[in-house]
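Here is a short walk through one structure. Keep the viewer open and follow the ring and helix contacts in turn.

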Protein chains: 2
Amino acid sequence: MIRIAVDANGGDNGVNTTVPAAMMAVKEFDDIEIVLFGDEEKIKPLLTNSERISIVHTKETLSMGEKDPVRAVRKQKEASLVKALYAAKNGEVDAVVTNGPTQCVVMGAHLIIRRIKEMERVALCPIIPNFDGHPRLLLDVGANVELKANHYAEFAIFATVTAKEILGIKNPTVGLLNIGSEPGKGREIDKEAYELLESLEGINFKGNVEPDKLIDCPTDIVVSDGYCGNIALKSFEGTAKGMGRMLKQEIKASLGGKIGYLFMRKNLKRFAGRMDASEVGGAMILGIGKPVVKAHGNADSKTFKSAIRQVRNMVKADLINKVVEALPKKSGEEVE
Amino acid sequence: MIRIAVDANGGDNGVNTTVPAAMMAVKEFDDIEIVLFGDEEKIKPLLTNSERISIVHTKETLSMGEKDPVRAVRKQKEASLVKALYAAKNGEVDAVVTNGPTQCVVMGAHLIIRRIKEMERVALCPIIPNFDGHPRLLLDVGANVELKANHYAEFAIFATVTAKEILGIKNPTVGLLNIGSEPGKGREIDKEAYELLESLEGINFKGNVEPDKLIDCPTDIVVSDGYCGNIALKSFEGTAKGMGRMLKQEIKASLGGKIGYLFMRKNLKRFAGRMDASEVGGAMILGIGKPVVKAHGNADSKTFKSAIRQVRNMVKADLINKVVEALPKKSGEEVE
């Protein structure tokens, strides 16, 4: 049985999102057990079916007010996210799903569960929807501001194993996010990372990927430092949302639009569905000793359920051990 | 009379785009004269009205084959773009419009027309369409890989004058592209730039702008280094285009979609128009001694005409002198 901790208090809608998601997930997968870390009083009325679902009671939710995520995690020991992470550290659960604040999730996972010693850096890795219907992995999108070339290599190796095991891609291709497609483009670090990625055995490196290609991406994986990856991802997400809003506004603006909508409602639904993250799940925190998935703060139950599925697949595939095998061996202890 | 050099051979469709655009522009503005730098044999059959349009003959087009833009510009003295830039340098024209390769335009303008001594760096500054219909200025999007804090300040000052004079905005607001909205987010340079921008008199600084806000931007101007600005812009443009393609595909996928289209054709056209750059023009090369505007390589005649209007407005507003007045005084000579 795979034991998954759910940070039930987290996110914009707390238990109203996470509890129905947990019930959907246990119904879908008979190999999982869920531990809800959250406010029992709020959870119980929603928990109409508690088969394979238990509760660890805590009223507290990690507060977004704290500006320093390290302090936030260290000070708020009773917060549902922090308790869920400790449960993973102590081996009480196999994985954690949360829709808490990103930086707190990254830092919390790092500080509490700790990094695997084969990875020098942790990466935040969302699965992004794409034109052809096949999702892509983009990492890092925010765990690191700057990277060294060997970190790009770590991320490429980690993501390659992940794409194989979780997305079922046989020989995943890897690209490097850059402002130009030719080799030699970009900053010094891009040139170094390019050379290193090109030289790595077992990595199917296809060169630079420009951010305008992200939506119809030529590679399965795109590696980046967390700053630029974050810029690209946010620009991507913001534009997609903004365009969706513009379309709605224009359709509603006239009778013709409203009538036309009746005819093409299904088409527009499919259109919206193509950029919808709800089937995809959340962002993986890669490099941590246990699988941790972070869903959007405003994820609905369906999306949160997909995040639970995703973390279950990570555990089931024994992803972390497979990654450890694929990564170059490092001597010495885990570092804080 | 404002004299504008047009790089007639440049872009994906050469004279087929630039010559009709020139004719439209002189028809629209009676205060401009256009000098077409290009292949006379190809221009003449298209030039059905040559009022206030003259030709400087050159068969050559700047070749994209050359990887180093500096070498490309230095070696190809007969290329239409290079000749147009020399005409501006020599005072034969007041401004240049081109749809040639971006890096060659930036480097060529820099090497030939030269930088104004008040600016340490040149910026590539597109006008980006926005949710509310009011365009925004984003700079730099590719002229510089890295910047110092004072360069952000230069760009903010330049763009503020430009937004006032060209976009008619009274007290333009300025944001700093960053991965978080709170002060203190991002890299060291972001923190430094933030502090400097906050301290500048005459700059209406509003703090960090995250890239997901670009499409519905809280400020009139967003400053960035060229690397991250390029990432954000390309992700923005690529997503907008990709979404447009997805929508078309879905509408065509069924009879309901096709019928619906008949009803909402106008709505969809307005939708497409909202993200359309054709009314907006091109990207300005700011920091050069003469106004230079670079249109997209695949710009159509209407878009290229808008770029001509844009450069005409820059000359008419006496933009560069106004910027020089606004910038802190620098001693010494213009540097290469």
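A charge sits over a ring if NZ of Lys or CZ of Arg is within 6 Å of the ring centre and within 35 degrees of the ring normal. The model is predicted. In it, the charged end of R274(A) sits over the ring of F131(A), 4.9 Å from the ring centre.

Now turn to ring against ring. Over all chains, the count is three aromatic pairs. One of them is F263(A) with F263(B): the ring centres are 5.5 Å apart and the planes are at 5 degrees, so the pair is stacked. This pair crosses between chains, from helix α9 of chain A to helix α9 of chain B. F263(A) is partly exposed, at 38% relative accessibility. F263(B) is partly exposed too, at 37%.

Next come Y194(B) and F205(B). Their ring centres are 5.1 Å apart and their planes at 80 degrees, so the pair is edge-to-face. Y194(B) lies in helix α7 and F205(B) in strand β9, so the pair ties together parts that are eleven residues apart in sequence. Y194(B) is buried, at 12% relative accessibility. F205(B) is buried as well, at 14%.

Finish in chain A with helix α11, residues 319-326. Here L319(A), I320(A), V323(A) and V324(A) are buried. Seen down the axis of α11(A), its buried residues fall within an arc of 135 degrees, so they line one face of the helix. An α-helix has 3.6 residues a turn, so residues three or four places apart point the same way. The buried residues of α11(A) pack against α6 and α10 of chain A.

Definitions and conventions
Residues are numbered from 1 along each chain as its sequence is written. Chains are lettered from A and ligands numbered from 1 in the order in which they are written. This is a predicted model: local features need pLDDT of at least 70, side-chain atom pairs count only at pLDDT 80 or more; totals for chains, interfaces and linings use all residues. Side-chain values use heavy atoms; hydrogens and water are left out. Buried means under 20% relative accessible area, exposed over 50%, partly exposed in between (1.4 Å probe, protein chains only). Helices (H or I, at least four residues) and strands (E, at least two) are DSSP runs, numbered from the N terminus. The arc is that of the directions from the helix axis to the C-beta atoms. Contact means heavy atoms within 4.5 Å. Rings of Phe, Tyr and Trp (its six-membered ring) pair if their centres lie within 6.5 Å; planes under 30 degrees apart count as stacked, over 60 as edge-to-face and the rest as tilted.
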